[in-house]
Amino acid sequence: MAKSTLRVAVIGAGRWGGEHARAFSERQDVELCALVDIDPRAAERRAREFRARPYVDLHDMLRAEKPDFASVAVSNMAQFSPTLELIRAGVPLLVEKPLAFSLDDADVLLDEAARRALFFAIDFNHRYARPVMLAREAIRSGRLGDLVFATWRFGGEHSATEHPHANLIETQCHGLDMLEYLCGPIESVAAEMTEMTGRGLTTIVLSLKFASGAVGSLVGSYDSSYQYSNVHLLEVNGTDGHVLVEDTVRRFTYQRKGSEHREVWEAGYFNDVDRAFRRILDSHLDAVLAAFRRDEEPPVHASAGRRALALAFAAIQAYESGRRTMIPPEPHPSTKSAA
Ligand SMILES: NC(=O)c1ccc[n+]([C@@H]2O[C@H](COP(=O)([O-])OP(=O)(O)OC[C@H]3O[C@@H](n4cnc5c(N)ncnc54)[C@H](O)[C@@H]3O)[C@@H](O)[C@H]2O)c1
């Protein structure tokens, strides 16, 4: 049984690691004890900001602090080694997406954690956005009828990651996870991708078939801008109605087929919590720490990160072969409700 106040360490003191630190430090049930970053200035700055102790060496931190829980938000391609070290030290953890950049690395992490029966969560935080929770509920309660198609579009600027498939693996993993979360398993994928801006395959279009018979599309890009309107759009269309999620946290719309009336959720005037993208991390943490305290599986197990990676590699294979790739049936690893 977890202690009443958890001592938490955050690994990675950059932009999003700062959000992890903020979210943990605002919790009554947590003492943020340490911030670890290989860049000493980053570690010190965040540690000062959130009144924790800075470390540049994970091993030193583990020996000195013995945290009850850790979260990892380091540079995208650097996650494997600190995650493995935490797992081998037996520290329950939440890691950022993507879980890894190779299925072998993902399997090592999952196997090592499973051998220790370790709590191992991944931050697919989009599931905890209010519009997504409303969409999931509308689908589950049958208000859409049978799902026929779903579409996900998400585009912004380049990341610093030096990998030809950075956009697909580190950003569109949210879309692959979300489409299966809402519509069930994907059974095949076809793909087109472009590298016309010279920084890898930075814009991709996927054509998806779900095991249910429904179809889907995913457009993802690093050749766009987060300043555009409707940077993110998710639509799920069924025989009886459809839902739209705009910019993840901005708006949810449900409309019954044939009706001119729409049901819309938008954050109210004083509701700064649900309108803020960063706050979906806090909602996810509520669920993560509640599950951890109850000795349950994480609400989004790290294996969901492996599944998104497997789908990404199936898309890469489809693009490179010019043929549709079949995806072996596999139950979606975490279909628990975000509610
Ligand atoms: N779930 C989300 O909505 C969301 C949003 C933004 C970022 N992220 C994820 O968060 C992670 C961090 O992104 P960011 O924008 O903060 O990046 P960033 O570049 O701002 O910060 C990364 C930090 O990690 C540090 N670092 C690198 N290797 C390390 C190691 N081995 N040990 C300790 N520190 C190390 C770097 O020095 C840097 O300070 C990425 O995995 C990213 O995909 C998730």
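This is a predicted model: local features need pLDDT of at least 70, side-chain atom pairs count only at pLDDT 80 or more; totals for chains, interfaces and linings use all residues.

Modeller: Asp 247 is partly exposed, because 18 other C-beta atoms lie within 10 Å, whereas 20 or more would be needed to count as buried. Asp 247 belongs to the loop between S12 and S13. Its phi is positive, at about 50 degrees, although the residue is not a glycine.

Thr 248 is found in the loop between S12 and S13 as well. Thr 248 also has a positive phi, near 60 degrees, and it is likewise a residue other than glycine.

The buried residues of H6 are Arg 130, Pro 131, Val 132, Met 133, Ala 135, Arg 136, Ala 138 and Ile 139. After H6 comes Gly 142, with a positive phi near 85 degrees.

Elsewhere in the chain, an open sheet is built from 6 strands in the order S3-S2-S1-S4-S5-S6, with parallel pairing. Strand S3 (53-55) and strand S6 (120-122) are at the edges; each has a single partner strand, so one side of each has no neighbour in the sheet. On average, and with direction ignored, neighbouring strands of this sheet are turned by 20 degrees against each other. Within the sheet, strand S4 (residues 69-72) pairs with strand S5 (residues 93-95) in the parallel sense over 3 bridges. Val 72 has Val 95 in S5 as its bridge partner.

The loop between S5 and helix H5 (103-115) holds Pro 98. The peptide bond from Lys 97 to Pro 98 is cis, with omega near -5 degrees.

A ligand is also present, surrounded by 24 residues, of which the closest are Gly 14, Trp 16, Val 74, Ala 78 and Glu 96. This shell consists of 10 nonpolar, 7 polar and 7 charged residues. Helix H1 (15-25) and helix H4 (80-88) each contribute at least two residues to the shell. H1 gives the most, with 3 residues.

Finally, the chain as a whole. The protein chain comprises 10 helices and 15 strands. The C-alpha atoms occupy a box of roughly 60 × 45 × 40 Å along the principal axes. The radius of gyration is 20 Å, in agreement with the value near 20 Å for a compact globule with 339 residues. Of the 339 residues, 47% are buried. Among contacts between residues at least 6 apart in sequence, 69% join residues at least 24 apart.

Notes. Residues are numbered from 1 along each chain as its sequence is written. Two strands pair if DSSP finds at least two bridges between them. Helices (H or I, at least four residues) and strands (E, at least two) are DSSP runs, numbered from the N terminus. Axes are lines fitted to C-alpha atoms, for helices over the stretch in contact, and angles run from 0 to 180 degrees between N-to-C directions. A residue is near a molecule or strand if its C-beta atom, placed from the backbone, lies within 6 Å of it. Ala, Val, Leu, Ile, Met, Phe, Trp, Tyr, Cys and Pro count as nonpolar, Asp, Glu, Lys and Arg as charged, and the others, Gly among them, as polar. The radius of gyration is taken over C-alpha atoms; the globule rule is 2.2 Å times the number of residues to the power 0.38. A residue is buried if 20 or more other C-beta atoms lie within 10 Å of its own, exposed if 12 or fewer, and partly exposed in between; C-beta atoms are placed from the backbone. Two residues are in contact if their C-beta atoms, placed from the backbone, lie within 7 Å.
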